[in-house]
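Have the sequence and the structure open as you read.

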Amino acid sequence: MSLRTISGAFKARTDAANSYARMRAAGMPSGGINSAYRSTASQAALFLARYRVQWTGRGAYNDARWYNGRRYVRVSPAGMVGVPGTSKHTTGIALDISTSSRAGAWMLKHGAQFGWRRTIASEPWHWEYSAKSDNDAVAPIQSAVRTTRDGIWGTGTDKATWAVRAASRFRGVNFPYGKRFTQARVGTNADNVWGANSRGAHDATIKALQRALARLGLYTDKIDGIWGKLSDAAFLQARKAYKR
Ligand SMILES: [Zn+2]
């Protein structure tokens with residue numbers, strides 16, 4: 001797993017952290033975060049700090065759970081902790097954002113569009129990220145290749161991006177769905193002749209794709225309209241992460 005700092009000591013899996021950065025850029029207030037990535041060891045330490053072995057009864061907080069073959073009851077008012085090995089915090093995709101913070105209020109309005117949802121009814125502060133529902137990540141890629149901008153990387157988006165990739169010199173200039181289809185994706189006359197106009201439009205489309213991939217933190221090289229090794233790697237990474 002690759003981790004990236006989101007703020008202060010808080011880290012998240014890179015795609016989740018990139019989504020957080022885009023939310024901040026889109027107006028999400030800073031602060032409010034109480035927890036993010038936790039190592040398995042720190043998740044266990046946190047659990048053991050708040051729960052004690054107790055074989056009967058549900059304790060003062062009506063919270064009993066099994067861990068490693070033993071029954072535990074919560075003894076701390078500081079809140080629930082997922083059983084080590086089951087918490088999404090150890091996978092880097094979970095954020096706990098205070099429900100009374102401005103960031104928390106912003107998340108309720110906009111989080112879903114960026115791929116975040118609340119998954120535990122009793123923990124309204126707990127948010128989990130799913131790249132597959134990150135519409136904000138996919139929409140600019142769709143705009144770049146002139147396909148329906150619905151935020152969902154399905155068959156249409158896949159064909160459109162694949163056609164643009166295949167027409168690059170790096171790939172040997174192919175047209176898997178026909179020249180006209182690729183011409184429509186790069187925004188030039190669909191006359192079935194891949195001439196200077198088509199190549200120019202294709203370069204501009206690659207630039208737009210490079211910008212979209214850079215925004216996702218996947219492409220860090222020059223925005224030059226040339227599909228090289230780094231553009232290709234960034235594109236394939238995006239496809240793997242966002243394609244449904
Ligand atoms: Zn949580």
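The report below looks at the strands, their partners and the turn between two of them.

This is a predicted model, in which local features need pLDDT of at least 70, side-chain atom pairs count only at pLDDT 80 or more, and totals for chains, interfaces and linings use all residues. Residues are numbered from 1 along each chain as its sequence is written.

Let us start with the overall layout. Three strands make up an open sheet in the order E4-E6-E5, with antiparallel pairing. E4 and E5 are the edge strands, each pairing on one side only. On average, neighbouring strands of this sheet are turned by 40 degrees against each other, direction ignored. Axes here are lines fitted to C-alpha atoms (for helices over the stretch in contact), and angles run from 0 to 180 degrees between N-to-C directions.

Strands (E, at least two residues) are DSSP runs numbered from the N terminus, and two of them pair if DSSP finds at least two bridges between them. The two pairings are these:

| Strand | Partner | Sense | Bridges |
|---|---|---|---|
| E4 (residues 51–53) | E6 (residues 70–74) | antiparallel | three bridges |
| E5 (residues 64–67) | E6 | antiparallel | four bridges |

Which residues face each other? Tyrosine 51 has arginine 74 in E6 as its bridge partner, while valine 53 is partnered by tyrosine 72 in E6. Alanine 64 stands opposite valine 73 in E6.

Finally, the turn: E5 and E6 form a hairpin with two residues between them, and asparagine 68 in this turn has a positive phi of about 55 degrees.
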